[in-house]
Amino acid sequence: MIPVDDSPIIRDGKSLILAYDHGLEHGPVDFTDVPERMDPETVFDIATHDAVSAFAVQKGLAEAYYPSYEDDVNLLVKMNGTSNLWMGEPDSPVNCSVDYAAEIGADAVGFTVYSGSNHEVEMFEEFRDVQEKAREYDLPVVMWSYPRGQGLKNDTSPNTIAYATRIAHEIGADIAKVKYPGSQDAMELAVKAAGATKVVMSGGSKTSDEEFLSTVNSAMNAGAKGLAVGRNVWQREEPAHILDALEELIFNGKSVEAALE
Ligand code: FBP
């Protein structure tokens, strides 16, 4: 990893990444309760909130909409991604080159690695190409570090998540995005294992304001450097409210109660 604190996607050493690659990863089912969010422009609008330090999308959405938002949004181009229709061992084809991501205005790149999958070897090799090319453009590299595959019984156990952050550190990610391992202690272990790589918590499926903010709070208390969240923001009726609260919690160090107010 390299120091990335000067990057536009980092604010005071932390980052709030809004993820919107779900149309690919999960399919339109994620928009069932919020049909207007099927339209990417509505979520690009959400990403202009001050709390959002990077907006993670696939190449196609970046090409189509980013030109209208480049003054207000920092772009994180997700380099690989797969559909929910794929039924094989976890894998994620590379859909974009770093050269092209830079050309369309990326401030950072993101890459999923499914450690433990039968495709781990190829995924590590593909990550190497992306990571080294990103260095030429000075683009931070965010790893969606998701141990997953036939051999893994519990992909969010404390040791598995600590292994996930360590893998990200070992192979050169600047930021490791991992699932919450269930407790503050377990997150502390994951942060420790990550060394100088920043750890951000993955949002997960939508929960109540209190439950979501409490989990974010314990991740931050454990030393995480922010959040990479999708559904817990844009599946809400009022995404700006939860972003206001996240800004207080992550960047201004407020308590959950104060942030909720
Ligand atoms: P959420 O906060 O909605 O979980 O989004 C984070 C994310 O990593 C997305 O970038 C991605 O589309 C999705 O989760 C993948 O989730 P999973 O593979 O666990 O279904």
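Tutor: Start with a pair of strands. Strand β1 (residues 15-19) and strand β8 (residues 226-229) pair in the parallel sense, with 4 bridges between them. Keep in mind that this is a predicted model.

Student: How many bridges join β1 to strand β2?

Tutor: There are 3 bridges from β1 to strand β2 (residues 54-57), and these two run parallel. A19 has A56 of β2 as its bridge partner.

Student: In what order do the strands close into a barrel?

Tutor: Follow β1-β2-β3-β4-β5-β6-β7-β8; these 8 strands close into the barrel, and the pairing is parallel. From one strand to the next, the twist averages 25 degrees.

Student: Which helix packs on the sheet and touches β5, β6 and β7?

Tutor: That is helix α6 (residues 158-170). The strands it touches are β5 (141-145), β6 (175-178) and β7 (198-202). The direction of α6 makes about 155 degrees with that of β6.

Student: Back to β1. How do I read the two faces of a strand?

Tutor: In a regular strand, side chains alternate between the two faces of the sheet. In β1, S15, I17 and A19 point one way. L16 and L18 point the other way.

Student: Are the residues of β1 buried or exposed?

Tutor: β1 is mostly covered, and 5 of its 5 residues are buried.

Student: What should I look for in a nonpolar core?

Tutor: In soluble globular proteins, nonpolar side chains tend to be buried together. Here the largest nonpolar core has 65 residues. Its members with the most contacts inside it are L18, F55, M79, V216 and L246. Helix α10 (residues 239-251) gives the largest share of this core, 7 residues. Apart from this core lies another, of 17 residues, with A54, V142, Y146 and I175 among them.

Student: Which residues is L18 in contact with, leaving aside its neighbours within four places in sequence?

Tutor: They include V43, I46, A47 and V52. A54, F55 and A56 are also in contact with L18.

Student: How do I describe two packed helices?

Tutor: Two packed helices are described by the angle between their axes and the distance between the axes.

Student: Which residues of α8 and α10 meet?

Tutor: From α8 come D209, F212, L213, V216, N217 and M220. They meet I242, A245, L246, L249 and I250 in α10. Two of these names return from the largest core, where V216 and L246 are listed among the residues with the most contacts.

Student: At what angle do α6 and helix α7 pack?

Tutor: α6 and helix α7 (residues 184-193) pack at about 25 degrees, with their axes 7 Å apart. They are therefore roughly parallel to each other. This crossing is right-handed. On the α6 side, the contact is made by P158, N159, I161, A162, T165 and R166. On the α7 side it is made by A186, L189, A190 and A193.

Student: How do I read phi?

Tutor: Most residues other than glycine have a negative phi. Now check D12, which is not a glycine but has a positive phi of about 50 degrees. D12 lies in the segment before β1. D138 also has a positive phi, near 65 degrees. You will find D138 in the loop between α5 (120-137) and β5.

Student: Are D12 and D138 buried or exposed?

Tutor: The cut-off for exposed is over 50%. D12 has 62% relative accessibility, so it counts as exposed. D138 is exposed too, with a relative accessible area of 61%.

Student: And is E247 buried or exposed?

Tutor: E247, in helix α10, is buried, with a relative accessible area of 15%. Not counting residues up to four places away in sequence, E247 touches R11, H49, D50, A51 and N252.

Definitions and conventions: Residues numbered from 1 in each chain as written. Predicted model: local features only at pLDDT ≥ 70, side-chain atom pairs only at ≥ 80, totals over all residues. Heavy atoms only, no water. Core = buried A, V, L, I, M, F, W, Y, C linked by side-chain atoms within 4.5 Å. Buried < 20%, exposed > 50% of the residue type's maximum accessible area, 1.4 Å probe, protein only. Contact = heavy atoms within 4.5 Å. Pairing = 2+ DSSP bridges. Axes fitted to C-alpha atoms, helices over the stretch in contact; angles between N-to-C directions. Parallel < 35°, antiparallel > 145°, perpendicular 65-115°, else oblique. Left-handed = near helix turned anticlockwise from the far one by under 90°.
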